[in-house]
Amino acid sequence: MHYYRYENEEVSCCYKYLMFSYNIIFWLAGAAFIAIGFWAWSEKGVLLDLTQVTRLHGFDPVWLVLAVGGITFILGFAGCVGALRENICLLKFFSGVIGFIFFLELTAAVLAFVFQDNVKEWINDFFLANVKAYREDIDLQNLIDSLQKMNHCCGAKEPDDWNLNLYFNCTVNNPSRERCGVPFSCCLSDPADTVLNTQCGYDVRKGPKGVWSNAIYVKGCIPALEEWLPRNIYIIAGVFIVISVLQMMGIFFARTLIGDIEKVKFNYY
């Protein structure tokens with residue numbers, strides 16, 4: 001009979017519970033995102049009529065919430081269970097997906113820098129498509145309004161982009177009361193106003209362009225974004241670095257734990 005002395009008879013509790021703690025936050029956050037997404041859909045009646053999912057011609061922000069929530073929930077679950085049960089397959093799945101996501105982020109950043117003009121054109125087309133679908137979804141409407149108010153802009157490149165929308169276009173046969181207008185989020189904000197005037201953009205574009213600047217923002221959101229990026233490049237870089245460090249920490253914890261588990265199993269057998 002042979003007896004062995006092992007340097008490590010058990011998997012490191014330190015890495016095991018660090019991995020668990022790291023992932024429990026993401027697991028809960030993922031569950032919260034999913035719950036928010038389904039709540040938003042229930043408020044719009046989508047859960048009662050699933051055909052509404054395919055009716056939106058623009059971008060539905062709920063899809064993004066559900067996608068982020070689903071991925072975060074699955075990864076958090078795999079990391080938590082993999083750490084507690086010392087399951088190598090789940091831990092490898094977790095570290096592999098995190099590594100793949102990091103690779104996609106890095107690739108997207110490099111491609112966006114190299115093909116700036118193409119990205120700019122894609123963003124412009126994407127914004128115009130959502131301007132056209134502005135009234136079709138309340139979440140999309142709120143998102144566009146928030147972007148325009150925060151960036152003091154109107155339309156993709158100019159306020160006339162709102163001609164693409166059925167309600168705001170300036171055609172003679174348009175019966176809408178909002179004809180030749182813009183959404184209220186395009187209006188110049190007045191700190192003295194205590195009540196939101198949602199009709200402030202009515203008929204604005206019926207007058208000459210020279211006087212539009214007295215009532216609404218005349219800069220498009222794409223030019224506003226181009227000005228915003230250089231001013232906040234350090235913040236953007238800082239956010240990217242923090243996210244990258246967190247991802248690398250997750251991969252490090254998972255790979256270290258996998259090494260411990262494999263070492264213990266090898267000594268055991």
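Lys-44 lies in the loop between helix H1 (13-43) and helix H2 (61-85). Helices here are DSSP runs (H or I, at least four residues), numbered from the N terminus. The model is predicted: local features need pLDDT of at least 70, side-chain atom pairs count only at pLDDT 80 or more, and totals for chains, interfaces and linings use all residues. Residues are numbered from 1 along each chain as its sequence is written, and side-chain values use heavy atoms, with hydrogens and water left out. Lys-44 is buried, at a relative accessible area of 19%. Buried means under 20%, exposed over 50%, and partly exposed in between (1.4 Å probe, protein chains only). Lys-44 and Ile-138 are 8.0 Å apart, C-alpha to C-alpha, at a sequence separation of 94 residues.

The buried residues of H4 are Asn-124, Phe-127, Leu-128, Asn-130 and Val-131. These cover an arc of only 165 degrees around the axis, which puts them on the same side of H4. The arc is that of the directions from the helix axis to the C-beta atoms. On the other side of H4, Asn-118, Trp-122 and Lys-132 are exposed. Helix H5 (138-151) and helix H6 (221-231) are among the elements covering the buried residues.

Nine salt bridges are present, each a side-chain nitrogen of Lys or Arg within 4 Å of a carboxyl oxygen of Asp or Glu. Lys-120 and Glu-226 form one of 3.4 Å, N to O. This pair links distant parts of the chain, with Lys-120 in helix H4 and Glu-226 in helix H6, 106 residues apart. Lys-120 is partly exposed at 34%, as is Glu-226 at 37%.

Methods
Helices (H or I, at least four residues) and strands (E, at least two) are DSSP runs, numbered from the N terminus. Contact means heavy atoms within 4.5 Å.
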